[in-house]
Amino acid sequence: MKKPLVGALFAVLLLGAGVAPATAATGHEAAAPTAVKEKVRPKAVNFAGTVALSNCSGSVVRTPDSQPGDPALVLSNGHCMETGFPGPGEVVFDQPSTRSFTLLNASGTGVGTLRASKIAYGTMTDTDISVYQLTSTYAQIESKYGIKALELNTAHPVQGTAITVVSGYWKRTYSCNVDGFVYRLKEGEWTWKDSVRYTSACQTIGGTSGSPVIDNATGKVVAVNNTGNEDGQECTDNNPCEVDENGNVTVREGINYAQQTYGIVPCIGTGNKFDLNRAGCALPKP
């Protein structure tokens with residue numbers, strides 16, 4: 001996992017791709033969707049709506065059904081939580097939090113501080129995500145700062161898609177493409193399913209953990225940056241490896257990864273409240 005260079009002992013083990021775990025590549029990858037995307041004029045990707053955490057990056061996000069009066073949500077990595085790395089099989093749900101986030105504008109300037117009321121959901125099992133509920137609504141944030149939340153895409157990303165990883169921690173962006181999808185990405189104790197592998201141009205570093213991965217064509221969030229293989233080791237901390245359906249292991253030194261986010265959307269209901277029993281929600285339960 002890509003860790004930041006300051007603070008939080010737990011974050012120190014995580015590296016680059018949004019404070020990501022180590023990366024390893026498999027010789028085989030899960031079949032990528034082959035749908036042909038319509039030509040859409042790319043939107044300029046900037047820092048508006050991203051946030052800086054004490055040890056990671058993140059973003060203010062909404063689902064297509066989120067309402068202006070709903071408490072806003074911040075997306076980051078599970079390994080970025082102030083409570084430390086959740087163990088395999090562990091899920092943090094509805095836990096009080098007063099964590100603060102620095103909200104950035106389009107140019108990457110901090111314009112204000114947002115505060116959490118709770119960790120709505122967090123885990124490092126199957127995926128590597130944390131979602132904080134804020135004390136502010138989307139309407140309040142937009143009224144005070146003129147900044148809108150980033151929208152979570154509802155569909156599986158497509159191989160070859162042009163993407164940008166936007167780090168609020170470093171106020172830096174990384175542009176590349178979706179290289180493919182990993183059946184299982186294993187790093188130390190943790191295993192993630194159907195992870196996004198970047199092409200080599202996205203050389204994310206410690207502190208980028210939790211960064212939103214944005215589809216350049218739509219401006220929507222398709223994944224959250226979380227790890228990369230630093231030293232070419234196999235399946236160790238900071239050196240994730242790819243494992244295919246047959247158990248074959250591939251290591252790709254210097255390649256970074258993210259966790260898809262479309263699966264979060266079905267788990268969020270009225271009032272932006274997480275409901276793990278909603279139809280279509282497949283996130284691990286406590």
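Modeller: Cys56 and Cys80 are joined by a disulfide, with an S to S distance of 2.1 Å; a disulfide here is a pair of cysteine sulfur atoms within 2.5 Å. This is a predicted model, in which local features need pLDDT of at least 70 and side-chain atom pairs count only at pLDDT 80 or more, whereas totals for chains, interfaces and linings use all residues. Residues are numbered from 1 along each chain as its sequence is written, and side-chain values use heavy atoms, with hydrogens and water left out.

Biologist: Which parts of the chain does the pair Cys56 and Cys80 link?

Modeller: The two cysteines link distant parts of the chain, 24 residues apart: Cys56 is in the loop between β1 (50-52) and β2 (57-62), and Cys80 is in the loop between β3 (71-76) and β4 (91-96). Strands are DSSP runs of E with at least two residues, helices are runs of H or I with at least four residues, and both are numbered from the N terminus.

Biologist: Are Cys56 and Cys80 buried or exposed?

Modeller: Cys56 and Cys80 are both buried. Buried means under 20% relative accessible area, exposed means over 50%, and partly exposed lies in between, using a 1.4 Å probe and protein chains only.

Biologist: What is the handedness of the disulfide of Cys56 and Cys80?

Modeller: The torsion about its S-S bond is about -85°, so the disulfide of Cys56 and Cys80 is left-handed.

Biologist: How many disulfides does the structure hold?

Modeller: The structure holds four disulfides. Counting the bonded cysteines along the chain, the pattern is 1-2, 3-4, 5-6, 7-8.

Biologist: What is the S to S distance for Cys235 and Cys241?

Modeller: The disulfide between Cys235 and Cys241 has an S to S distance of 1.8 Å. Its S-S torsion is about 95°, so the disulfide of Cys235 and Cys241 is right-handed. Cys235 is buried at a relative accessible area of 16%, and Cys241 is buried at 0%.

Biologist: And how far apart are the sulfur atoms of Cys267 and Cys281?

Modeller: The sulfur atoms of Cys267 and Cys281 are 2.0 Å apart in their disulfide. The torsion about that S-S bond is about 100°, so the disulfide of Cys267 and Cys281 is right-handed. Both Cys267 and Cys281 are in the segment after β16 (256-260), 14 residues apart. Cys267 is buried, with a relative accessible area of 0%, and Cys281 is buried as well, at 14%.

Biologist: Now to the charges. How many salt bridges are there?

Modeller: Nine salt bridges are found in a search of the whole structure. A salt bridge here is a side-chain nitrogen of Lys or Arg within 4 Å of a carboxyl oxygen of Asp or Glu.

Biologist: Which residues are linked in a network of salt bridges?

Modeller: The network of salt bridges links Asp179, Arg197, Glu242 and Arg252. Within it, the closest N and O atoms of Asp179 and Arg197 are 2.8 Å apart. Asp179 lies in strand β10 (residues 172-187) and Arg197 in strand β11, so this pair ties together parts that are 18 residues apart in sequence. Arg197 is buried at 2% relative accessibility, while Asp179 is partly exposed at 28%.

Biologist: What about Glu242 and Arg197?

Modeller: Glu242 and Arg197 meet through their side chains in a salt bridge, 2.8 Å from N to O. Glu242 belongs to strand β14 (residues 241-243) and Arg197 to strand β11, so the pair ties together parts that are 45 residues apart in sequence. Glu242 and Arg197 are both buried.

Biologist: With which residue does Lys193 form a salt bridge?

Modeller: Lys193 pairs with Asp126, with the closest N and O atoms 3.8 Å apart. Lys193 is in strand β11 (residues 190-198) and Asp126 is in the loop between β6 (110-123) and β7 (129-137), so the pair ties together parts that are 67 residues apart in sequence. Lys193 is partly exposed at 40% relative accessibility, and Asp126 is partly exposed at 25%.
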